[in-house]
Amino acid sequence: MPVPGPGYSITVRVEAPPSASAAGDLTSAVGRVGGVITAFDVVESHSDRVVVDITCNAMSANHARDITDAIEALPGVAVRKVSDRTFLMHLGGKIEVTAKVALRNRDDLSRAYTPGVARICQAIAENPDDARRLTIKRNTVAVVTDGSAVLGLGNLGPAAALPVMEGKAALFKKFAGVDAWPVCLDTQDTEEIIRAVELIAPVYGGINLEDIAAPRCFEIEARLREKLDIPVFHDDQHGTAICVVAALRNALRVVGKDMADCKIVVCGVGAAGSAIIRLLLQRGPADVVAVDIDGIVNRDRRNMDANLAWVAQNTNRDNQTGRLHDALVGADVFIGVSAPNLFGAAQVATMAKGAVVFALANPDPEIDPVEAHQHAAVVATGRSDYPNQINNVLAFPGVFRGLLDAQAKTITDAMLLAAADAIADTVDGDRLNPSFIVPSVFDAAVAPAVADAVRKAAQA
Ligand SMILES: NC(=O)c1ccc[n+]([C@@H]2O[C@H](COP(=O)([O-])OP(=O)(O)OC[C@H]3O[C@@H](n4cnc5c(N)ncnc54)[C@H](O)[C@@H]3O)[C@@H](O)[C@H]2O)c1
């Protein structure tokens, strides 16, 4: 199922004979083993040899090695160097701090720093609200992680989580002009995390929690929301929920169904699934049936934690029991945030007519989207190489832009739903179709629309 992509892009520097067929031989060798060439540059030309850089996309690190081997096997060809373009992009990190004020002379220094800055400090000491007017707090968000659930890779710890947090900070800046900074904490103790965030909070206008494992993430977020006077938002929960609710609104427009008539199966009741269920319930579906690794969540299940007990109490109208395949029978919508390859076309065939399937487990979805399409009317995944990518980038930059602009102290479900509607509304009737239920992440209209909706909801 994987296809060559820029995530596994390499540049191979090779020395080849200067024959007329050299370029053709090299590109054919790459093509034969399934590599996709994106650039071919002659770096040096001599009477006895040429040196070229072949840049190509691969499917995996192993596939990249196969491509290099195929090039090396050509007669008279020598591979000088292989560069992994993704590693090159990360050399020295992806973000930096730049000064917004000029520091050209003594005059500038005296105002930006001492002695002038002292008067700013005194003003804030007298009126703490001035921090939002006179410091970076106005536009700055902490991206906080303990590294316990990094992407789909598991508990990699704080240092290994940093490239993700840097990327997140870069996205905040690019899409919404928000200055975000990674805070990777060297602890996975709930109390220590809460205390650490509490201690750094004065600098920030908002806290974005990231890649913190369930169920710890629920308590950390709830306790920080109680303690802090700035919004606390766990993106893996609420960013996902916003995007799913937005996508579902448009998918139901495509199939001509009302939320109030829909039975929705949500598979995965971790960070993402729990938040999706809670936000979906605000939209009044006919029923939500939650499924996790132990089967359908029902009120007779034993030993449930607080999160699962809440889900059991608030979903599954008929207290159905069984496995995922049982839940799917007659369902209008499947939303998966769980694990790869859980069902196939045969189970989609048992769903209601005009079925909607969101298979969001990353990198491999709950069902192969091509198989899902055999019976479903609308299919979405978390992947960029299929239509309808459900990607949190649609939500979090605009959400924080709106929160910062409103100088919000909290975040509410009304704001999350306003963000979801703003995303859904950027796909107008002319563009809406089964393969286009969410806007592109590069649609410049999305973040401002989300920001505006969140700001209005925060000021309501
Ligand atoms: N925008 C997106 O596309 C997006 C957003 C968030 C999460 N995700 C994906 O969703 C998945 C879950 O993320 P999370 O942070 O909620 O993880 P999590 O670990 O907090 O929760 C995982 C849940 O899946 C359930 N589960 C695991 N194996 C299962 C199985 N075989 N059958 C049924 N349920 C099973 C677990 O019981 C648990 O409830 C990941 O693959 C993640 O990449 C995608």
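I began with the crossing of two helices, and α17 passes α18 in a right-handed manner. The model I am reading is predicted. I looked up the limits of the two elements: α17 covers residues 413-425 and α18 covers residues 446-459. Their axes lie 8 Å apart, and the packing angle is about 150 degrees. I therefore noted α17 as roughly antiparallel to α18, since an angle over 145 degrees counts as such.

Next I listed who makes this contact. From α17 I found Ala414, Met415, Ala418, Ala419, Ala422 and Ile423. From α18 I found Val446, Ala449, Val450, Ala453, Val454, Ala457 and Ala458. I sorted the residues of the contact of α17 with α18 by kind and got 13 nonpolar, no polar and no charged.

**Entry on Ala419**

Ala419 lies in helix α17. Is Ala419 buried or exposed? Ala419 has a relative accessible area of 0%, so I put it down as buried. Leaving out residues up to four places away in sequence, I found that Ala419 touches Ile242, Val399, Val450 and Val454. Of these, Val450 and Val454 belong to the α18 side of the contact with α17, and Val399 is one of the α16 residues in contact with α18. I also took one distance from Ala419: Glu226 is 193 residues apart from it in sequence and 23 Å apart in space, C-alpha to C-alpha.

**Entry on α16 and α18**

I read an angle of about 40 degrees for α16 and α18, with their axes 7 Å apart. The two helices are therefore oblique to each other. The crossing of α16 and α18 is right-handed.

Which residues make the contact of α16 and α18? On α16 I wrote down Gly398, Val399, Arg401, Gly402, Leu403 and Asp405. On α18 I wrote down Ala447, Val450, Ala451, Val454, Arg455 and Gln459. The residues of this contact divide into six nonpolar, three polar and three charged. I set that beside the contact of α17 with α18, where I had no polar and no charged residues. Val450 and Val454 of α18 are in my list for α16, and Val450 and Val454 are also in my list for α17.

**Entry on aromatic pairs**

I then counted ring pairs. How many aromatic pairs does the structure hold? I found five, and I followed up two.

The pair of Phe172 and Phe396 is edge-to-face, with 4.8 Å centre to centre and 65 degrees between the planes. Phe396, at 1% relative accessibility, counts as buried.

For Phe233 and Phe400 I read ring centres 5.5 Å apart and planes at 85 degrees, so this pair is edge-to-face. It too links distant parts of the chain: Phe233 is in strand β8 (residues 232-234), Phe400 is in helix α16, and they are 167 residues apart. I noted both Phe233 and Phe400 as buried. Phe172, Phe233, Phe396 and Phe400 form one aromatic cluster.

**Entry on the backbone**

I went on to peptide bonds and phi values. Most peptide bonds are trans, and most residues other than glycine have a negative phi. I looked for departures from this.

The peptide bond from Thr114 to Pro115 is cis, with omega near 0 degrees. I placed Pro115 in the loop between α4 (106-112) and α5 (117-126). The bond from Ala214 to Pro215 is also cis, with omega near 0 degrees. Pro215 falls in the loop between β7 (206-209) and α9 (216-227).

For positive phi I noted two asparagines. Asn303 has phi near 55 degrees and lies in the loop between β11 (295-296) and α12 (306-314). Asn319 has a positive phi of about 50 degrees and lies in the loop between α12 and α13 (324-328). How accessible is each? I have Asn303 as exposed, with a relative accessible area of 81%, and Asn319 as partly exposed, with a relative accessible area of 22%.

Key: Residues numbered from 1 in each chain as written. Predicted model: local features only at pLDDT ≥ 70, side-chain atom pairs only at ≥ 80, totals over all residues. Heavy atoms only, no water. Axes fitted to C-alpha atoms, helices over the stretch in contact; angles between N-to-C directions. Helix = DSSP H or I, 4+ residues; strand = E, 2+ residues; numbered from the N terminus. Parallel < 35°, antiparallel > 145°, perpendicular 65-115°, else oblique. Left-handed = near helix turned anticlockwise from the far one by under 90°. Contact = heavy atoms within 4.5 Å. Nonpolar A, V, L, I, M, F, W, Y, C, P; charged D, E, K, R; others polar. Phe/Tyr/Trp six-rings, centres within 6.5 Å; stacked < 30°, edge-to-face > 60°. Buried < 20%, exposed > 50% of the residue type's maximum accessible area, 1.4 Å probe, protein only.
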